[in-house]
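Here is a short tour of one protein chain. Keep the sequence and the model side by side as you read.

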Amino acid sequence: MNKPPRFVPTLTEVVQGSEQAEPSGEPGRGIDTDAVQLALVQRILQRVDVTLERRLREAVGELILEHTHNLAPLLRVQIENTVREAVSLALAQEARQAGGSQ
């Protein structure tokens with residue numbers, strides 16, 4: 001599975017655009033909030049990816065079944081017409097050949 005890029009902008013960064021981001025980490029705590037945020041974003045994106053892939057697969061499967069169900073009667077008519085034409089043509093050729101050999 002492809003990993004998301006190292007920097008994924010947050011909604012506020014996208015909306016605010018050119019404003020400067022606050023410095024990472026809180027003084028004295030030693031916590032890199034940017035790294036924590038990035039890890040969280042990556043985990044969420046991976047979960048979304050799995051869910052989205054499964055739901056898309058289900059939706060496409062349902063659409064294929066629906067279209068197949070709708071196409072079946074049309075295909076049946078088309079096949080029936082093709083077989084009738086082929087049989088009529090074969091009978092006509094047989095009749096001409098039988099008439100010519102008498």
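Helices (H or I, at least four residues) and strands (E, at least two) are DSSP runs, numbered from the N terminus. This is a predicted model: local features need pLDDT of at least 70, side-chain atom pairs count only at pLDDT 80 or more, and totals for chains, interfaces and linings use all residues. Residues are numbered from 1 along each chain as its sequence is written, and side-chain values use heavy atoms, with hydrogens and water left out.

Start with the overall make-up. The protein chain has 2 helices and 0 strands. Helix H2 covers residues 33–100.

Accessible areas come from the Shrake-Rupley method with a 1.4 Å probe; for residues, only the protein chains shown count as cover. The protein chain exposes about 9,400 Å², and 59% of that belongs to carbon and sulfur atoms. Residues are sorted by relative accessible area: buried is under 20%, exposed is over 50%, and partly exposed is in between (1.4 Å probe, protein chains only). Of the 102 residues, 3% count as buried.

Next come the charged pairs. Side chains of opposite charge can pair when their charged atoms come close. A salt bridge here is a side-chain nitrogen of Lys or Arg within 4 Å of a carboxyl oxygen of Asp or Glu. The structure holds 3 of them.

Take Arg57 and Glu53. Their side chains meet at 2.9 Å, N to O. Both sit in helix H2, 4 residues apart, about one turn of the helix. An α-helix has 3.6 residues a turn, so residues three or four places apart point the same way. Arg57 is exposed at 53%, while Glu53 is partly exposed at 45%.

Arg54 pairs with Glu58, with the closest N and O atoms 3.6 Å apart. These two also lie in H2 with a spacing of 4 residues. Arg54 is partly exposed at 38%, and Glu58 is partly exposed at 42%.

Further along, Arg84 bridges to Glu80 at 2.6 Å between the closest N and O atoms. Arg84 is exposed at 51%; Glu80 is partly exposed at 39%.

Where in H2 does the kink lie? It lies at Leu71, shortly before the proline Pro73, and comes to about 35 degrees. The bend at a residue is the angle between axes fitted to the seven residues ending there and the seven starting there.

Leu71 also belongs to a nonpolar surface patch with Leu74, Leu75, Ile79, Val83, Val87 and Leu91, about 680 Å² of accessible area together. Patches take residues with over 30% relative accessible area and no salt bridge; like charges are joined within 9 Å, nonpolar side chains (Val, Leu, Ile, Met, Phe, Trp, Tyr) within 5 Å. Leu71 is partly exposed, at 44%.
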